[in-house]
Amino acid sequence: MTDVIRVSPENPDPASIARAAECLRGGGLVAFPTETVYGLGVNALDRTAVQRLFAAKQRPATDPLIVHIGSIDALPALVARVPACLATLADRFWPGPLTLVLSRSEAVPDEVTAGLNTVAIRIPLHPVARALISAAAVPVAAPSANLFSRPSPTQAAHVLEDLNGRIDLVVDGGATTIGVESTVLDLTSEIPIVLRPGAVTLEMLRDALGDVGVFPGFGRDASTTTGAMPSPGMLEKHYSPRASLTLYEGETKAVLPILVGTAHKELANGRSVAIIAVEEDAHELAALALDRRVVLRTLGSQDAPGTAARTLYATFRELDTLGVNVILVRGFPAGGLGTAVQDRLRRAAAGRIIV
Ligand code: TXA
Ligand code: MG
């Protein structure tokens, strides 16, 4: 059985945190909120616990984990070298939604890094995550708390949907505020490279560091990318809804009529249709939305990527639960956090993109 402890997101009760920390220290699997998504935590230095975590998530052992620490003081023990730019990044973005890939030290088990000689490290900002890591007083390896290939959880209920009975404890601190996973920045290459876009945006990183590159597969489905993968997890068959999902990118005038036409065709063939759109599309989709076989969800305005990021994964999960046959998704513009939204939509579409 999986226990659930509810805590205040801003001010978690110390006795509840102590209980969760004890579970972690004893080798348990504990899901907890971070500012991005819920993580499934284990003591990063406990190989057996890390192996149990991979089994619970059904995650391939080739996909390395992020190690979460409470303060920069815990960093030197985990890494072989501290690059010069780390202080600048830590000053600006830690604690927060930025994960740094660094050369690892011997202390980090192979199970955590999937045998790589690098380790991914993050200091989260969420008060519950901070309290838990500090009370556990160990580095906490934590992937997103979902089953492999399902959307990352942004609420405790999502964690239970996937992992009830498979993990020891869920610390329920309400919905997460950012909603998409942290930015992953590789500091072991010649110039820093963004491997996964997130709330610490490329624009922010370039402002802090100057030259910052992007992984060639950035914003694209990993299966369409050729060449060496610096991040094995990017090969992850990402969230794939049970319904077939197609993404429509490009100018509204050109692409919305195609989306609407496809919706009518699918309906005529007896299939149920969901549309994920933005507020700006409401007018063009109004007629279609009157059809009772159509589920219309909006991610908010194109100008407010924060809203889209926060609601995206819950929307995917809802549509899976409703069991719609076909999901048609309006592309989201890149720029700032919009780049992360676009990236997750493209991964979900797994190559089914109409431009
Ligand atoms: O926001 C987040 O990052 C959440 C919360 C819980 O912190 N965690 C998360 O973990 O999204 P996960 O395991 O779902 O994604 C971790 C990503 C994967 O794409 C993985 O391949 C990459 O980080 N990664 C981990 N270690 C790496 C390494 N040594 N080199 C390159 N990429 C690495
Ligand atoms: Mg994940």
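A residue counts as buried if its relative accessible area is under 20%. The legends below describe a predicted model.

**View 1. The buried residues of helix 2.** Helix 2 covers residues 47-57, and its buried residues are Ala 49, Val 50, Leu 53, Phe 54, Ala 56 and Lys 57. Seen down the helix axis, these residues fall within an arc of 165 degrees, so they line one face of helix 2. They pack against strand 3 (38-43), helix 4 (110-113), strand 7 (140-141) and helix 6.

View 2. The N-terminal end of helix 2 is capped by Asp 46, which has a side-chain oxygen 3.2 Å from the backbone nitrogen of Thr 48. After the helix comes Gln 58, with a positive phi near 55 degrees.

**View 3. The course of helix 10.** From first C-alpha to last, the 18 residues of helix 10 reach 25 Å, close to the expected 26 Å. At Thr 311 the helix bends by about 40 degrees. Gly 323 follows helix 10 and has a positive phi, near 70 degrees.

**View 4. The surroundings of helix 10.** Buried residues of this helix include Pro 305, Ala 308, Leu 312 and Asp 320. The partners against which the buried residues of helix 10 pack include helix 6 (156-163), strand 12 (244-248) and helix 11 (338-349).

**View 5. An aromatic pair in helix 10.** The count of aromatic pairs comes to 1. The ring centres of Tyr 313 and Phe 316 are 6.4 Å apart and the ring planes are at 45 degrees, so the pair is tilted. Both residues lie in helix 10, 3 residues apart, which is about one turn of the helix. Tyr 313 and Phe 316 are both buried.

Key:
Residues numbered from 1 in each chain as written. Chains lettered and ligands numbered in written order. Predicted model: local features only at pLDDT ≥ 70, side-chain atom pairs only at ≥ 80, totals over all residues. Heavy atoms only, no water. Phe/Tyr/Trp six-rings, centres within 6.5 Å; stacked < 30°, edge-to-face > 60°. Helix = DSSP H or I, 4+ residues; strand = E, 2+ residues; numbered from the N terminus. Buried < 20%, exposed > 50% of the residue type's maximum accessible area, 1.4 Å probe, protein only. Expected span 1.5 Å × (residues − 1). Bend = angle between axes of the 7 residues up to and from the residue. Contact = heavy atoms within 4.5 Å. Arc of directions from axis to C-beta. Polar contact = N/O pair within 3.5 Å; in protein donor to acceptor, adjacent residues only side chain to side chain.
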